[in-house]
Amino acid sequence: RLYYDYAGLAVIAPSDSKLPLAAGASHGAPDYLPLWHNGEYGQLAVSGGEGYTVPELTGGKASEEGAYGRFCWDGELYHCIHIKADASYVPSLCSTSGGILWLELSGDCWADTGWDEIGHFGGFDTVVITGSGTLKLAQGSSLELAASSSMDGVLLELDGQLTANSDGNVSGLTGAGALTLNGHNFTVNAAQGAAHVYEGSLGEGTLTVTGGGSQTLRASGVDTDLNIDGGNLVLQGKADTDGAALTYAALENRGHLTIQASDNAISAFNTTLKVDGATFGSNSTTTFTLNSDGNLTESFIQSSGSIVVENGASFHVTTLPGINITWNPGNPMELSLMELTGTGDITLGDNTLTVGGLFLTYYKNAHLVHEGNKILLKAEEQTDNPYAVLTDTANSLAGANLVWGAARSGQVDQYLTGFLSAINDDLINNPGSVSRKMAAAAGSTVTSLSMAQRDALRDQMSWLRNRTNQMGVNPAYINEDL
C-alpha cells in the first residue's frame with residue numbers, strides 16, 4: 001500500500017527530498033534481475049555485474065540507473081530500479097526478491113508478450129509507470145499492477161491485458177485489449193486536442209474521464225461505472241456488434257458526453273446505451289449524434305435505475321452530415337432520448353435543449369418532456385423559412401428561398417443535405433455567414449441553370465445536324481453553325 005502522510009506527497013520523491021531514508025531502503029533495488037530476451041532467459045547487468053545492459057537491449061534508446069532514495073513509502077525513501085525509455089522497447093524484466101521498478105516513458109514505447117509464467121515485470125513489489133509517453137502492450141501479453149503500484153500520465157495502448165490492483169491515471173486508452181479494473185478507479189486525463197479510441201473490454205470498477213481532450217469507447221463494460229468529471233467521453237457502438245448497443249453500469253455525466261452513431265455512412269446504426277442508473281449534472285452537456293435515416297424509434301439511453309437530470313444540464317441532438325431525413329409535412333417530431341426500463345424514478349430538472357443538423361431545417365421549438373417512463377424530445381414542424389430572416393440582400397434572399405424550397409420538395413440528395421448541415425452549423429455558431437452563403441447558393445444556381453440551358457441547346461443543334469445528314473442533304477447547304 002501507499003501511505004500519503006501529507007498533502008502533495010508523491011510516490012516519486014524529488015532528488016532533493018528531505019524525507020528520511022528507510023532502514024530497508026536497499027530492498028527496493030535488487031542486485032539480480034532476470035529477463036526474457038530473444039526467446040532466452042538472461043539477466044540484467046545491475047551495478048556493473050554480468051548480463052545485458054538496458055542500452056544494449058534497446059539500441060541506446062533506454063537507460064537504467066539506480067534511483068537512490070526516490071521512491072516514497074510510508075513517509076520514508078527507498079531505492080528503486082529506474083528505467084528511462086524514449087520511443088523504445090521496454091525490456092521484460094522480473095524479480096525474484098521483490099523490489100521497486102520505476103518506468104519513466106516518453107515517446108511511443110512498447111513491450112513484447114512477456115514471460116509465459118508471470119507476465120510483464122512480475123515479482124516486483126511495486127511498479128510505477130510515469131511520463132508523457134505511450135506504453136503499448138502487445139497482443140497476448142499481460143501486465144498486473146500490484147496494490148502498491150501506480151500508473152501516472154502515460155498513454156496506454158492496450159492490445160494485451162492489464163490487470164489493475166490499484167487506482168491508475170493515464171493520458172488516454174487505445175487498442176483493443178482488456179483492462180481489468182478489479183473494483184478500482186482508472187482516470188483518463190486526455191490533453192487538450194488529443195483524441196483517443198479504445199475498442200477493448202473493461203472490467204468491474206470505475207472509469208473516470210477528465211481533461212480537455214476526448215476519449216472514445218467502442219465496446220461495452222457491463223460492470224464498469226462511467227464518471228465524466230469535466231472531461232469529454234464519446235460512446236460509439238459498432239454496427240456489427242449488437243446493432244451498436246453498448247452496456248455499462250452506472251453513468252454520471254458532469255462533463256461532456258457524446259452518444260455517436262456507429263459511423264458516418266447512410267447505413268450507420270444509432271448507438272443505444274444501456275446503463276444501471278444515469279445522472280446528468282448541472283452544467284453538463286450531452287450530445288446525441290444520430291443517423292437521420294436510421295432507427296429513430298428506440299430509446300437512445302435505456303436505464304434500469306433512476307434517471308436524474310439536474311437543473312442546468314444541457315442537451316444537443318443533431319444529425320450526421322450528408323444524410324437525408326425522412327420528413328412528412330404536417331408531422332411534429334418526437335424522439336425518445338431516455339427510458340426507465342427498471343425500478344427507480346425519473347427527475348427532469350430545468351434544462352437547455354438545442355437541435356442541430358437537418359433537425360434545424362424541419363423542426364422548431366424543441367423541448368424535453370417527461371411522459372410515463374420516458375424523457376421525450378418534442379418539436380413542432382418548421383413552417384417558416386428559418387434562413388430568410390438572416391438574409392440582407394436580394395441575392396441572399398433568393399438563395400434562401402431556393403434552398404428552403406428544395407429542402408421541402410422531397411427530392412433531397414446528399415449534396416443538398418451536406419449544404420444544409422453546414423448552413424445549420426452556422427445558424428448556431430456563426431449566423432453572420434448565412435447571408436453570404438445563401439447569396440453564393442443563388443449565384444451557383446443561376447450559373448447551373450445557364451449551363452444546363454446551354455447544354456440543352458447544344459444537344460438540340462447536334463440533333464438537327466445529324467438529322468440533316470441522315471436525310472442526305474448536301475453538306476454545302478447545311479448551315480455552318482450546326
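A residue is called buried under 20% relative accessible area, exposed over 50%, and partly exposed in between (1.4 Å probe, protein chains only). Helices (H or I, at least four residues) and strands (E, at least two) are DSSP runs, numbered from the N terminus. This is a predicted model, so to speak of local features takes pLDDT of at least 70 and side-chain atom pairs count only at pLDDT 80 or more, while totals for chains, interfaces and linings use all residues. Residues are numbered from 1 along each chain as its sequence is written, and side-chain values use heavy atoms, with hydrogens and water left out.

Now for helix 3. Ser396, Gly399, Ala400, Val403, Trp404 and Ala407 are buried there. They sit on the same side of helix 3, because they cover an arc of only 130° around the axis (the arc of the directions from the helix axis to the C-beta atoms). On the other side, Ala394 and Asn395 are exposed.

Next, Thr272, which has its place in strand 27 (residues 272–275). Thr272 counts as buried because its relative accessibility is 5%. Leaving aside residues up to four places away in sequence, Thr272 touches Ala244, Ala245, Leu246, Glu298, Ser299, Phe300 and Gln302; a contact means heavy atoms within 4.5 Å.

And the whole chain:

| Item | Value |
|---|---|
| Helices in the chain | 5 helices |
| Strands in the chain | 37 strands |
| Buried share of the 482 residues | 47% |

Among contacts between residues at least 6 apart in sequence, 54% join residues at least 24 apart.
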